Amino acid sequence: MAGALVALMYEDVARIIRRVPVPDELRSEPEIATVFREVIDAQARPYLDHARRAYRACALNSRGHSELRHWMRFCQERGADLPTPLAELQSGETTVEVIAPE
């Protein structure tokens, strides 16, 4: 349950950031408005990444425990429903995060 709460917190922050509206002054400047959206999206991206990791950890930690099956499903569904950052939609490249043991 703690993993789900952490993930929900990160998800909520990311969604709030992504709702920042394009200033009215930029409506007549579509190129600048696009860059503005990209900057806003870049600010939300770390929170989305943290939410994805927390949902994944929640689902994995719940696996194999019948009393936690609800949390496993909840975290899997919420994680799958997270928005995709604009940078990922516009780029055909993928990024792999390597975590080395300490």
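Visitor: Which residues of α1 meet which residues of α2?
Guide: On the α1 side they are Gly 3, Ala 4, Val 6, Ala 7, Leu 8, Tyr 10, Glu 11, Val 13, Ala 14, Ile 17 and Arg 18. Their partners in α2 are Arg 37, Ile 40, Asp 41, Gln 43, Ala 44, Tyr 47, Leu 48, His 50, Ala 51, Ala 54, Tyr 55 and Cys 58. Keep in mind that this is a predicted model.

Visitor: How does that contact divide into nonpolar, polar and charged?
Guide: The contact of α1 with α2 has 16 nonpolar, 3 polar and 4 charged residues.

Visitor: And the geometry? What angle, and how far apart are the axes?
Guide: α1 and α2 pack at about 165°, and their axes are 8 Å apart. Over 145 degrees counts as roughly antiparallel, so α1 is roughly antiparallel to α2.

Visitor: Is the crossing of α1 and α2 left-handed or right-handed?
Guide: Left-handed, as α1 passes α2.

Visitor: Stepping back, how many helices and strands are in the chain?
Guide: There are 4 helices and 0 strands. Along the sequence the pattern reads α-α-α-α.

Visitor: What share of the chain is buried?
Guide: Of the 102 residues in the chain, 24% are buried.

Visitor: And the contacts, what share join residues at least 24 apart?
Guide: The figure is 66%, taken among contacts between residues at least 6 apart in sequence.

Visitor: Back to packing. How do α2 and α3 cross?
Guide: Helix α3 covers residues 69-80, and its axis comes within 8 Å of the α2 axis, crossing at roughly 155°. The two helices are therefore roughly antiparallel to each other. α2 passes α3 in a left-handed crossing.

Visitor: Which residues meet there?
Guide: From α2, Tyr 55, Cys 58, Ala 59 and Ser 62. From α3, Trp 71, Met 72, Phe 74, Cys 75, Gln 76, Arg 78 and Gly 79. By class, that contact of α2 with α3 holds 7 nonpolar, 3 polar and 1 charged residues.

Visitor: Ser 62 is on that list. Where does Ser 62 lie?
Guide: Ser 62 lies in α2, the helix of residues 30-62.

Visitor: Is Ser 62 buried or exposed?
Guide: Buried. Its relative accessible area is 6%, and buried means under 20%.

Visitor: What does the side chain of Ser 62 reach?
Guide: The backbone oxygen of Cys 58, at 2.7 Å.

Visitor: Which residues does Ser 62 touch, not counting those up to four places away in sequence?
Guide: Leu 68, Trp 71 and Met 72. Trp 71 and Met 72 are also among the α3 residues in the contact with α2.

Visitor: How far apart are Ser 62 and Met 72?
Guide: They are 10 residues apart in sequence, and 5.2 Å apart in space from C-alpha to C-alpha.

Visitor: One pair left. At what angle do α1 and α3 pack?
Guide: α1, residues 2-18, packs with α3 at about 20°, with the axes 11 Å apart. That makes α1 roughly parallel to α3. α1 passes α3 in a left-handed crossing.

Visitor: Which residues meet between α1 and α3?
Guide: Ala 4, Leu 8 and Glu 11 in α1 meet Trp 71, Phe 74, Cys 75 and Arg 78 in α3. The classes there are 5 nonpolar, no polar and 2 charged residues.

Note on methods: Residues numbered from 1 in each chain as written. Predicted model: local features only at pLDDT ≥ 70, side-chain atom pairs only at ≥ 80, totals over all residues. Heavy atoms only, no water. Buried < 20%, exposed > 50% of the residue type's maximum accessible area, 1.4 Å probe, protein only. Polar contact = N/O pair within 3.5 Å; in protein donor to acceptor, adjacent residues only side chain to side chain. Contact = heavy atoms within 4.5 Å. Axes fitted to C-alpha atoms, helices over the stretch in contact; angles between N-to-C directions. Parallel < 35°, antiparallel > 145°, perpendicular 65-115°, else oblique. Left-handed = near helix turned anticlockwise from the far one by under 90°. Nonpolar A, V, L, I, M, F, W, Y, C, P; charged D, E, K, R; others polar.
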